[in-house]
2 protein chains.
Amino acid sequence: MKALDIAEVARRSGLPASTLRYYEEKGLIASVGRHGLRRLFDSGVLERLSLIALGRTAGFTLEEIAGVFAPDGRPRIDRQQLAARADALEHTIRRLAALRDGLRHAAACPAPDHLACPRFRRLLRLAAATQRRARPASPAAPRPDRSRPGRGAR
Amino acid sequence: MKALDIAEVARRSGLPASTLRYYEEKGLIASVGRHGLRRLFDSGVLERLSLIALGRTAGFTLEEIAGVFAPDGRPRIDRQQLAARADALEHTIRRLAALRDGLRHAAACPAPDHLACPRFRRLLRLAAATQRRARPASPAAPRPDRSRPGRGAR
DNA sequence: CTACGAATTCAAGTCGACTTGAGGTCAAGC
DNA sequence: GCTTGACCTCAAGTCGACTTGAATTCGTAG
């Protein structure tokens, strides 16, 4: 495990350095030391960043994600809570699957007004029924695309 | 289709009136008229709100959601774009499924440190690989729960 | 007709997650 | 040993999505 400087972590993770500093400040990641002023990260931080990204994709706040790690830094094992989150996630996944089907159908359906299409309405109802006070989720649309590392994609 | 006042729509949709006004201002919904100052909504707005909620769950911004509706208010049929969004969503769903599996496994796995568990690491790698600049997603965690209409969720 | 309470408008505030900018430091190359 | 450029800190700004509050307007019950 050789130490990586922030630029290297940024390059490998695709996150801007500012975000890495921010994450450190929030206690989501930790640097193993400094070289002068400069932070040095252990390469394990990359794995951790993957985990964080994953949690973000699932809609957890940074605080919640931080809560999954024990103070010592390793993932904490509150089996009960983990299972609960998995269940909630399952729920979200189902809603998203319904939306995906709805979109696909809308893209193919010849009906001029989707709201008139029975199939579409069924999907809609299903999705609405599945709904249970969910917070916004996320990454779906083809955006302007400021992809590369440089600017932080969010 | 009888006209509903904002309180009724709020009650039935579970959204606070302030959010409904905000959505109207943003062009996501429209009132069919006024009774004095008071907005009147057509009951179809409820369906539309479901669609909006669904889009939000999938991580679309309000602007993006608004973009899916044609100026006349019905869902617009840009089949190409719809299909693209469905694909992006598919992608997200897969990541979330990986996370769900990871969580379930973590809740069950006897290994003291999940990062040491080969199965967990595999899921992590998979998730990291699947990752392609995705925006935050969402609703997953069991929160403090300020459920009812009153306070807006999120 | 008056009072009450629900709705309205508009400006400002909040929250999470970052980004930006000004001004400072320091290790490495020349 | 000096310059340079990557990094640093800290405060402030931004963006999306709403919420809150003050001041005002009405429809309706009494």
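Figure 1. Of the 154 residues of chain A, 34% are buried, a residue being called buried if 20 or more other C-beta atoms lie within 10 Å of its own, exposed if 12 or fewer do, and partly exposed in between, with C-beta atoms placed from the backbone. Among the contacts of chain A with a separation of 6 or more, 56% are made by residues 24 or more positions apart, where a contact means that two C-beta atoms, placed from the backbone, lie within 7 Å. Because the model is predicted, local features need pLDDT of at least 70 and side-chain atom pairs count only at pLDDT 80 or more, while totals for chains, interfaces and linings use all residues. Residues are numbered from 1 along each chain as its sequence is written, and chains are lettered from A and ligands numbered from 1 in the order in which they are written.

**Figure 2. The order of elements in chain A.** Chain A has six helices and three strands, which follow one another from the N terminus as β-α-α-β-β-α-α-α-α; helices (H or I, at least four residues) and strands (E, at least two) are DSSP runs, numbered from the N terminus.

**Figure 3. Strand 3 of chain A and its two partners.** Strand 1 (residues 4–5) of chain A runs antiparallel to strand 3 of chain A and is joined to it by two bridges, with F41(A) as the bridge partner of L4(A); strands are said to pair if DSSP finds at least two bridges between them. Strand 2 (residues 33–35) of chain A is also antiparallel to strand 3 of chain A, through three bridges, and R34(A) stands opposite R39(A). In the hairpin of strands 2 and 3 of chain A, two residues lie between the strands, and G36(A) takes a positive phi near 75 degrees. In a regular strand the side chains alternate between the two faces of the sheet. Strand 3 (residues 38–41) of chain A has R39(A) and F41(A) on a covered face, and R38(A) and L40(A) on an uncovered one.

**Figure 4. Helix 3 of chain A, a mostly covered helix.** Of the 14 residues of helix 3 of chain A, 10 are buried, including V45(A), L49(A), I52(A) and R56(A). The 14 residues of this helix (residues 44–57) should span 20 Å at 1.5 Å a residue, and the end C-alpha atoms are 20 Å apart, which agrees; the expected span is 1.5 Å times one less than the number of residues. Just after helix 3 of chain A, G59(A) takes a positive phi of about 90 degrees.
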